[in-house]
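Thanks for coming. I will talk through one model today, so please have the viewer open.

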Amino acid sequence: MADTSKPATRKAAIVGGNRIPFARSNTAYAQASNQDMLTATLDGLVARFGLQGAQLGEVVAGAVLKHSRDFNLTRESVLGSRLSATTPAYDVQQACGTGLEAAILVANKIALEQIESGIAGGVDTTSDAPLAVGDDLRRVLISLSNAKTLQDRLKAVAKIRPGQLVPEIPRNAEPRTGLAMGDHAAITAEEWEIGREEQDELAVRSHQNMAAAYERGYFDDLVTPFLGLARDNNLRPDSSLEKLAKLKPVFGTGEGATMTAGNSTPLTDGASAVLLASDEWAAERGLPVLAHLVDAQTAAVDYVHGGEGLLMAPVYAMPVMLARNGLSLQDFDFYEIHEAFASTVLATMKAWEDAAFCKDKLGLDAPLGSIDRSKLNVHGSSLAAGHPFAATGGRIVAQLAKTLHEAGPGKRGLISICAAGGQGVVAILES
Amino acid sequence: MSDWYRDFANSGFGTTITKQLGLPRPAVLRRYEPGQPLLPGPAVIGSAGEGRLRKALTELLQAEGVHVQSPVTADGATDGEKPAAVILDATGLRTPADLASAHDFLAPAIKRLRATGRVLILADPPSQADSPAQAAARQALDGLVRSVAKELRAGSTANLIHVPEGAEGSLASPVRFFLSGRSAYVDGQVMSVTAAELPAEEDADKPLAGKVAVVTGAARGIGAAIATVMARDGAHVVAVDIPAAGDKLAEVANEIGGTALQLDITAEDAPQRLIEHLRERHGGVDVVVHNAGITRDKLLVNMDAARWNSVMAVNLQAQLDITQALLDADGVLRPGARVVCVSSQSGIAGNRGQTNYAASKAGVIGMVRAWAPQFAERGATINAVAPGFIVTDMTAKMPFGTREVGSRLNSLQQGGLPVDVAETIAWLSQPGSGGVNGQTVRVCGQSLLGA
């Protein structure tokens with residue numbers, strides 16, 4: 001008897017994407033807000049696919065560093081864009097996993113036939129970052145605002161102390177450990193004995209791959225210029241091992257320190273968006289289907305007490321997703337492993353190759369095995385483009401979908417993105 | 001980009017001053033707005049000899065709601081309102097002596113012509129004359145119409161259309177264009193129509209409804225104006241420009257409800273990528289406007305290879321390559337397709353410091369002429385438009401004196417606007433313009449340069 005309890009769901013199509021060029025912190029986009037960047041990115045997507053005035057199922061996006069005034073960032077961006085004002089929107093936030101998680105959310109609603117189309121995106125600025133007042137001063141200011149009489153107001157103001165006037169600047173550090181993400185990654189790099197040279201090699205390849213892709217016009221339908229920038233300004237087409245070798249380590253300590261500014265991503269500003277839809281919706285509008293989002297998995301690790309590396313969660317998410325789809329790690333034509341740090345990519349792959357780790361930590365009979373490096377980040381990744389936290393997922397989804405489409409039908413691609421808080425998101429795309 | 005001098009010359013005080021000093025008096029031109037009547041007043045149609053077009057012309061104008069007056073006679077008697085158009089059917093010319101009747105009709109009629117009026121002469125081509133005398137008479141109209149255009153004031157224009165035997169059916173679209181505000185800055189021109197299979201009447205307000213139109217160089221200036229006018233006329237516009245101009249391009253596409261395609265048209269795979277895009281997204285294309293162009297000015301003796309090559313690559317070679325690829329690609333160029341190529345006055349008159357640019361733009365004229373017969377075989381057309389002094393961001397950067405002199409050196413005593421070029425291109429793109437093929441239409445206000 002056929003099992004009718006769980007009907008097969010349709011797969012969401014990835015129609016295309018758009019992003020603005022990514023800019024190193026405090027450079028080209030120093031004066032741009034998250035809303036400016038996300039709105040411009042949506043408008044670029046609208047122009048590419050002729051969505052002026054279109055009412056989509058939803059727009060889902062988020063930012064990691066967010067002003068309190070941006071409580072409705074995505075909806076406000078939609079209202080400022082050329083999309084119909086009747087397109088609903090909501091914000092999500094899962095650190096560096098935001099963009100991919102947003103795509104999964106939209107894809108799932110499409111799969112469940114709750115919506116026919118949607119945009120997933122993300123944006124971040126470390127230039128226009130929110131500054132907060134300390135808790136002491138905040139309490140004083142709130143009581144000042146609540147004060148009814150002049151006397152009460154004076155009393156409240158009298159409580160202000162000079163030390164309270166120093167703002168709290170958001171830090172790229174884990175609240176529970178106080179360590180910068182790079183310091184966490186350095187611990188993992190040391191544990192997995194990731195060498196300096198292999199990190200630099202990965203970084204050089206990322207720059208070279210992305211520069212070559214720009215040269216051949218690969219990004220022509222993935223990127224729209226913004227504020228005078230037409231290409232990512234972190235990209236160094238002339239990057240070389242010799243140049244990278246000269247850099248001093250910035251994370252880790254002592255002899256074993258291997259992580260430099262060259263093989264770590266810099267703070268970056270930028271935004272990205274991906275258009276997802278049902279096949280029917282795309283066909284009605286004559287829009288392409290680059291790939292389908294087949295499946296996804298999110299995992300988290302206990303990096304505080306559990307002895308696992310902060311950025312190792314994708315390692316755990318992967319076997320779960322592969323098993324569910326009856327696939328091995330080698331059944332893919334392209335791999336996109338987010339280059340938060342070169343060492344993270346290398347440690348991730350090393351863990352999948354490690355029999356003891358796969359048995360003890362992942363509970364697998366055999367290791368997942370190795371990845372053909374020639375299929376990894378073939379058009380460059382975050383080390384070259386930069387990494388505006390929430391925007392990276394959208395960049396990768398659109399880029400991989402296009403790569404699969406170019407390669408022809410039936411090609412499979414794998415995405416792996418690590419995130420702060422010990423989380424990780426992985427996904428499978430198929431053309 | 002307002003014309004301060006034109007505005008001054010049309011002000012109360014400015015009128016007095018410019019008249020007394022004999023200064024140029026540029027008029028505010030009559031430009032097309034959707035829903036506008038073809039003419040702001042009646043038309044008068046006359047003929048020299050036994051013309052064969054008068055009846056059809058009268059019917060055409062009446063169908064457009066234009067009141068057609070009987071010819072004004074030499075003594076100046078009229079039947080009422082001042083005409084907005086004076087049309088001469090000169091297809092009956094046999095000898096130069098017959099030209100006297102052209103004079104008899106035109107002189108009193110033009111004397112009464114309203115501001116922003118139109119003089120239009122229709123004649124057989126001199127190349128198909130039965131005798132040298134007839135060829136002389138027909139060719140004489142060239143000098144006549146060009147001189148009339150120079151004598152007209154207040155934003156009026158005069159143009160001549162050659163209509164060979166058998167091409168009468170192709171006349172409606174050009175006649176409408178030259179009478180309407182769409183041809184505001186087209187003056188003193190001579191063009192020809194040929195016989196062509198034309199579709200049934202199209203929507204007058206949306207002549208490009210349902211058409212897919214590619215416009216290159218659409219991010220700014222004349223290209224953005226072309227995209228805007230094509231969209232206004234009903235086309236879905238695929239706006240193309242280099243990736244570095246993508247933000248401006250997206251703005252244009254979003255403004256007009258089109259789509260943006262970032263593409264360097266000089267890339268080796270550009271024709272293929274454009275074709276794939278058109279096939280995948282639209283199933284084909286109806287109109288292609290080769291507008292993208294660059295200048296890299298230097299005197300020939302100082303010009304390096306890079307300047308020469310880049311101008312040739314963008315302005316000429318890309319037009320050739322993309323057009324050829326479209327012709328070769330099965331089914332992409334739809335039946336009745338229209339290709340319009342942007343040439344330039346520099347390509348006709350030459351320009352100091354622009355050997356590369358002028359060569360490329362002259363090349364475009366040769367290209368459309370050579371390709372026209374092949375296009376005609378598929379019911380398609382290919383034409384060029386040669387803009388004169390058009391007021392853009394680029395001309396705004398010219399030195400004041402150069403700009404002011406440059407903009408006045410034409411019969412309309414003012415620079416044209418990007419929309420004037422766009423209107424001419426949109427007209428050539430219409431299904432009804434199938435009888436206009438292999439032509440280069442100048443949009444220059446009858447510029448003194450290269451005339």
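Predicted model: local features only at pLDDT ≥ 70, side-chain atom pairs only at ≥ 80, totals over all residues.

Residues are numbered from 1 along each chain as its sequence is written, while chains are lettered from A and ligands numbered from 1 in the order in which they are written.

Helices (H or I, at least four residues) and strands (E, at least two) are DSSP runs, numbered from the N terminus.

Next, the core. A nonpolar core is a set of buried Ala, Val, Leu, Ile, Met, Phe, Trp, Tyr and Cys residues joined through C-beta atoms within 7 Å. Buried means 20 or more other C-beta atoms within 10 Å of the residue's own, exposed means 12 or fewer, and partly exposed is in between, with C-beta atoms placed from the backbone. The largest core here has 257 residues, and A:Leu276 and B:Ala239 have the most contacts inside it. Not counting residues up to four places away in sequence, B:Ala239 touches, among others, B:Val215, B:Leu249 and B:Leu261. Contact means that two C-beta atoms, placed from the backbone, lie within 7 Å.

Now, how many residues of chain B are in contact with chain A? There are 18, and they meet 19 residues of chain A. On the chain B side, the elements giving two or more residues are α8 (246–256), β9 (259–262) and α9 (270–282). The largest share, five residues, comes from α8(B).

One residue to look at is B:Arg281, in helix α9 of chain B. Beyond its neighbours within four places in sequence, B:Arg281 is in contact with A:Gly286 and A:Leu287. B:Arg281 counts as partly exposed because 18 other C-beta atoms lie within 10 Å.

Last, the strands. Strand β10 (residues 285–290) of chain B runs parallel to β11(B), and five bridges join them; two strands pair if DSSP finds at least two bridges between them. B:Val287 has B:Arg338 in β11(B) as its bridge partner. Strand β11 (residues 333–342) of chain B is mostly covered, with seven of its 10 residues buried.
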